[in-house]
Amino acid sequence: MTETWLLDGNRVAAAIKEDLAHRIQGLAARGIVPCLATILVGDDPSSATYVRMKGNMCRRLGMQSVRVDLPAETTTEELIAAIHKLNGDSQVHGILLQHPVPSHIDERAAFEAIRIDKDVDGVTTLGFAQNAFGFADYPSCTPAAIMAILDDYNIPIEGKHAVVIGRSPILGKPVSAMLLNRHATVTTCHSRTARLDEIVRLGDIVVAAVGKPRFVQGDWIKPGAVVIDAGYNEGNIGDVDYESCFPHAAAITPVPAGVGPVTIAILLKHTVEAAERQARSIR
Ligand code: NAP
């Protein structure tokens, strides 16, 4: 039996950040510091950690980060007003609203308030649609990270059967569209899918985006399939039962150090690209 490849997200992320470092220097020479604004509503500890990690990574690369912390009782109108303020701030190039927001807030309305040229996580309807058409400047970061890992390891996509488990607007649906645009045959599964295990067993590429720890089982995996675990659950646990899937897979992403670090690198890349676009438009 051939050896299983461990798809190393830290290595893929490091390569992306190395390229960014040069571009950030180029912008700095012109007096521009790419800036990502993150908005956190409430005090969910995991969300606070994600936001802190993104801010730290910005600083490490010589980018700027602006943090907007709003109390849990913030209304939809107040959140939208905060987003409009960032939309109008020429020093801010990308806006990330940390998801999920408290349930009383109309999250969709808040996402829609982000200006398309600052929508670095592809959360607006227009950004989502552009991705579906295959010409988004900034597709959702986790789906883009999954594609970056597949491409970095030269994993063939065209003609392959990709099975995506999950249909959320930030992950399952956009990654399904990206795989389809790259000529995979895509099956998107969800909580009402019947005989899920049988469908997953057809997949040459399996993407787990379920939000349930160790959900995907080894005997669902076709021998030689590529398994991408986009999940992240408490205690650093993915949506794939890594131990049972590893022996069946030709290649697999670990959790942590798989999709997660590449997602952050892509977010920074999109922010740098937004700054570069703005610089070109004011030249
Ligand atoms: P989500 O919005 O909760 O969506 C979960 C999806 O899984 C839904 O489409 C749901 O189906 C489906 N599902 C739930 N139970 C299922 C079952 N028993 N069988 C088949 N499908 C089922 O979650 P998300 O935001 O897409 O996140 C998914 C995972 O990715 C989570 O573990 C999250 O932590 C992780 N994530 C990681 C990153 C990163 O940077 N690495 C970023 C974002 C998210 P229905 O539509 O029918 O409800």
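# Notebook: salt bridges and surroundings

I counted the salt bridges to begin with, and the structure holds 13 of them. A reminder to myself: this is a predicted model. Side chains of opposite charge can pair when their charged atoms come close.

**Entry: Arg23 and Glu276**

I looked up Arg23 and found a salt bridge to Glu276, with the closest N and O atoms 2.8 Å apart. This pair links distant parts of the chain, since Arg23 sits in helix H1 (residues 9–28) and Glu276 in helix H10 (residues 259–281), 253 residues apart.

Is Glu276 buried or exposed? Glu276 is buried, because its relative accessible area is 17% and the cut-off for buried is under 20%. Arg23 has 23% relative accessibility, so I put Arg23 down as partly exposed.

**Entry: Glu112 and Arg108**

Next I went to helix H4 (residues 107–112), where both Glu112 and Arg108 lie. Their side chains meet in a salt bridge, at 2.6 Å from N to O.

**Entry: Asp151 and Arg182**

I then looked at the salt bridge where the side chains of Asp151 and Arg182 meet, at 2.8 Å from N to O. Asp151 belongs to helix H6 (residues 141–152), while Arg182 is in the loop between helix H7 (172–181) and strand S6 (185–189), so the pair ties together parts that are 31 residues apart in sequence. Asp151 has 33% relative accessibility and counts as partly exposed. Arg182, at 35%, counts as partly exposed as well.

**Entry: a negative patch**

Where does negative charge gather on the surface? I found a patch made up of Glu73, Glu77, Glu78 and Asp106. I followed up Glu77, which lies in helix H3 (residues 76–87). Its relative accessible area is 59%, so Glu77 is exposed; the cut-off for exposed is over 50%.

**Entry: overall build**

I stepped back to the whole protein and listed 10 helices and 9 strands. The radius of gyration is 19 Å, close to the 19 Å that the globule rule gives for 283 residues, so the protein is as compact as a globular protein of that length. The C-alpha trace spans about 55 × 45 × 35 Å along its principal axes. Of the 283 residues, 51% count as buried.

**Entry: cis peptide bonds**

I looked for cis peptide bonds and wrote down two places. The bond from His99 to Pro100 is cis, with omega near 5 degrees.

How far is Pro256 from Asp69? I have the two at 187 residues apart in sequence and 27 Å apart in space, C-alpha to C-alpha. Asp69 is in strand S3 (residues 64–70) and is partly exposed, with a relative accessible area of 46%.

**Entry: positive phi**

To finish, I checked backbone angles. Arg195 is not a glycine, yet its phi is positive, about 50 degrees. I place Arg195 in the loop between S6 and helix H8 (196–200). Arg195 is exposed, with a relative accessible area of 57%.

Arg214 is another residue other than glycine with a positive phi, near 50 degrees. I found Arg214 in the loop between strand S7 (205–208) and strand S8 (226–229). With 43% relative accessibility, Arg214 counts as partly exposed.

Terms used
Residues are numbered from 1 along each chain as its sequence is written. This is a predicted model: local features need pLDDT of at least 70, side-chain atom pairs count only at pLDDT 80 or more; totals for chains, interfaces and linings use all residues. Side-chain values use heavy atoms; hydrogens and water are left out. Patches are made of residues with over 30% relative accessible area and no salt bridge: like charges are joined within 9 Å, nonpolar side chains (Val, Leu, Ile, Met, Phe, Trp, Tyr) within 5 Å. Accessible areas come from the Shrake-Rupley method with a 1.4 Å probe; for residues, only the protein chains shown count as cover. A salt bridge is a side-chain nitrogen of Lys or Arg within 4 Å of a carboxyl oxygen of Asp or Glu. Lys and Arg count as positive and Asp and Glu as negative; His and the chain ends are not counted. The place of a charge is taken as NZ of Lys, CZ of Arg, CG of Asp or CD of Glu. Helices (H or I, at least four residues) and strands (E, at least two) are DSSP runs, numbered from the N terminus. Buried means under 20% relative accessible area, exposed over 50%, partly exposed in between (1.4 Å probe, protein chains only). The radius of gyration is taken over C-alpha atoms; the globule rule is 2.2 Å times the number of residues to the power 0.38.
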